[in-house]
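These are my notebook entries on one structure. I set down what I looked up, topic by topic.

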Amino acid sequence: MASQPIASEPAIRHTLSREEAPFQWPLPPRKRPALADYSRETLMAYLETAPLDEVDISDPLYWETNSHWPYFRRLRDEAPVHFNAVNAERHRGFWSVSRWADIMAVDTNHQVYSSDAYLGGITLFDMDSDFIMPMFIAMDPPKHDVQRKAVNPIVSGPNLASFEGLIRTRTQEVLDGLPRGEVFDWVDRVSIELTSRMLATLFDWPQEHRRKLTYWSDVSTSDPEVPGNPQKEERQGILLGMLQEFTQLWNERVNSEPKTDLVSMLAHNPATRNMPPMEFMGNLVLLIVGGNDTTRNSISGGVYFLNKNPQEYAKLRADHGLVDSMVSEIIRYQTPLAHMRRTAIEDTILGGKHIAKGDKVVMWYHSGNRDERAIDNPDAFIIDRPRARQHMSFGFGIHRCVGNRLAELQLKILWEEILKRFDNIEVVAEPERVPSAFVRGYKSLMVRIPA
Amino acid sequence: MARITYIEHNGAEHVVEVPTGVSLMEGALQNGIPGIDGDCGGNAACATCHVYVEGDWLARTGERSENESAMLDLADGLEDNSRLACQISASPELDGLVLRMPASQH
Ligand code: HEM
Ligand code: FES
């Protein structure tokens, strides 16, 4: 990836319009601070003192090394609604919203802050404008509402209860198959295994091909600029391949009796049955990513956090009744999606700053989840935290995660079954992290279960 | 102060006193009443405090705001007497109010 040292920046104070900054690929090279090295320690030291206006926190470097924390602490204290112009030729410039209360204000004001895919969508980097995938997370009312309602029943109370037995048996199978006294990758053997089986169930997709779902999920959130990842065209090709395979399923199911899997539900619901192909694909990507990466990384995160906080692990062993509140605390502490982005569709004021029509506004959930103004002792992982459910990881307002109960159920069952079997899961090395300012996750987490 | 009766979906009843000015969501959380989670802390932003207001009490609880309506519209089991408990403040006029809870909320 090309990079240059940071020079002086043009004084832009609002997101550049598409006319000012037309979409181009490849993106212009990224500017980076000139540092001796880019280790976690060096980057954290840099972020402690760097002028806030000099930092482009969307750089995957800060996320791969998990070094972004000092920057967000400083934003919350010094500049809670802050415009970033560094590397604007790449992302057009964006506002960072870092405090709980301001994030809540944006997330609950869908009238002003739009999620529309055609304005760029819901991630800091715009959706490729030559490959817009409409999906209901990236739509505003009224269309958002009808499509969400079409999907909602599969993850609502009664249906979840019917999944419980299945989730438990599978969890038992996966855990019983793990080696003892041997180092293995928890991400691959447990986190991906469980979430891909769940996804295959939701779509009634052949279980033997479930890893394809994982692959598509990874591809759809992967950054084409990161070496080793599919390039832009290649990525689009892979997703079109996914569309083709799902279209076959759609065609089979649209012509048979309605069933309770997601494809059949979309194919039979009047609100979704006439979706154009790109919109079908968009909603597939939404459901695949929504139900996959996020839960997967919470499954890994829990093991990691308990290892970092042995006194909490001890509390859990002593009282299995803490699983419920621990699940919420894991999801808060992990914040599997670091941000959601909106586009202002009229001029407005946020935290005393003038937000102009067209500005990108990024809600940093992982920062809101560490805001001492809203949460006591937020940097600590406390499995019996009072009101542990009050975190931002699922967002708020009309786009609030529709799959939250399913995610919680999967994690709860997993930890109940782990506690029945293993006294300890030891993390033997620091995890390898995903280089992304959007998905906060782990590529691998090496562990050992004592024999 | 208002005496509020919370009825869980399974029929279990809890009668508690909620101080004036405190929301009925808070009232449930502070008394450990199951079935109301209050995930957003009372901002009409999560719908995990969805309740049905019994009988004539509904009119006395005021109007739904635009955001409350938007959240309820997406909630499971929406009824005419659906409200978000965090948007109703206890007051002497609500003394005796009865709330029922939906089968599930998320
Ligand atoms: C720990 C696990 C999960 C986390 C942290 C998470 C996080 C989120 C977040 C932050 C949003 C956007 C909220 C906003 O804009 O205010 C969201 C929306 C969504 N999530 Fe999740 N999610 C998780 C699990 C799931 C699962 C298991 C599914 C599906 C089965 C799912 C499906 C969705 C969908 C469809 C949306 C779009 C909702 C809308 O736009 O109305 N998520 N999720
Ligand atoms: S507590 Fe979230 S809507 Fe009432």
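**Entry 1: the interface of chain B and chain A**

I began with one charged pair, and found that Arg405(A) and Asp37(B) form a salt bridge, with 2.9 Å between the closest N and O atoms. I note at the outset that the model is a predicted one. Side chains of opposite charge can pair when their charged atoms come close.

I then asked how many salt bridges the rule finds across the interface of chain B and chain A. The rule finds six. For polar contacts across this interface, I recorded 13 residue pairs, both residues being at pLDDT 80 or more.

Next I looked up which helices of chain B take part. Helix H1 (24–30) and helix H3 (66–73) of chain B each supply at least two residues of the side that touches chain A. H3(B) gives the largest share of that side, namely five residues.

I turned to the extent of the contact. It takes 24 residues from chain A and 22 residues from chain B. The size of an interface is often given as the accessible area lost when the parts come together. Here the two chains bury about 1800 Å² between them, and 48% of this lies on carbon and sulfur atoms. Which residues of chain B lose the most area to chain A? I found them to be Asp39(B), Leu74(B) and His106(B), which together make up 39% of what the chain B side buries.

**Entry 2: the iron atom**

The iron has a single donor from the protein, the SG atom of Cys401(A), at 2.3 Å. I placed Cys401(A) in the loop between helix H16 (365–368) and helix H17 (404–421) of chain A.

**Entry 3: the sheet of five strands**

I traced an open sheet of five strands in chain A, whose order is S3-S4-S10-S7-S5 and whose pairing is mixed. Its edge strands are S3 (81–84) and S5 (113–114) of chain A, each of which pairs on one side only.

Within this sheet I examined S4 (residues 94–97) and S10 (residues 360–364) of chain A, which run parallel and are joined by three bridges. Which residue is the bridge partner of Trp95(A) in S10(A)? I read the partner as Val361(A).

Helix H5 (residues 100–107) of chain A packs on this sheet, touching S3, S4, S5, S7 (339–344) and S10 of chain A. I noted that the direction of H5 makes about 130° with that of S10(A).

**Entry 4: the sheet of three strands**

I found an open sheet of three strands in chain A, in the order S6-S14-S11 and with antiparallel pairing. S6 (183–185) and S11 (426–427) of chain A are the edge strands, and each pairs on one side only.

S6(A) is joined by three bridges to S14 (residues 446–448) of chain A, and the two run antiparallel. I checked what stands opposite Val183(A) in S14(A), and found Arg448(A). Helix H8 (residues 186–203) of chain A packs on this sheet and touches S6 and S14 of chain A. Its direction makes about 45° with that of S6(A).

**Entry 5: backbone details**

I looked up two cis peptide bonds in chain A. One runs from Trp25(A) to Pro26(A), with omega near 0°; Pro26(A) lies in the loop between strand S1 (3–5) and strand S2 (30–32) of chain A. Another runs from Pro141(A) to Pro142(A), with omega near 5°, and I located Pro142(A) in the loop between S5 and helix H6 (143–151) of chain A.

I also noted a positive phi, near 55°, at Asn66(A), a residue other than glycine. Asn66(A) is in the loop between helix H2 (60–64) and helix H3 (69–78) of chain A.

**Entry 6: a salt bridge within chain A**

I looked at one between the side chains of Glu279(A) and Lys143(A), at 3.0 Å from N to O. This pair links distant parts of the chain, the two residues being 136 residues apart: Glu279(A) is in helix H12 (residues 277–290) and Lys143(A) in helix H6 of chain A.

Terms used:
Residues are numbered from 1 along each chain as its sequence is written. Chains are lettered from A and ligands numbered from 1 in the order in which they are written. This is a predicted model: local features need pLDDT of at least 70, side-chain atom pairs count only at pLDDT 80 or more; totals for chains, interfaces and linings use all residues. Side-chain values use heavy atoms; hydrogens and water are left out. Two strands pair if DSSP finds at least two bridges between them. Helices (H or I, at least four residues) and strands (E, at least two) are DSSP runs, numbered from the N terminus. Contact means heavy atoms within 4.5 Å. Axes are lines fitted to C-alpha atoms, for helices over the stretch in contact, and angles run from 0 to 180 degrees between N-to-C directions. Donors are N, O and S atoms within 2.8 Å of the metal (3.2 Å for Na, K and Ca); water is not among the atoms, so sites may look incomplete. Buried area is the accessible area (1.4 Å probe) that two parts lose on being put together, summed over both. A salt bridge is a side-chain nitrogen of Lys or Arg within 4 Å of a carboxyl oxygen of Asp or Glu. A polar contact is a pair of N or O atoms within 3.5 Å; within protein, one must be able to donate a hydrogen and the other to accept it, and residues adjacent in sequence count only if both atoms are side-chain atoms.
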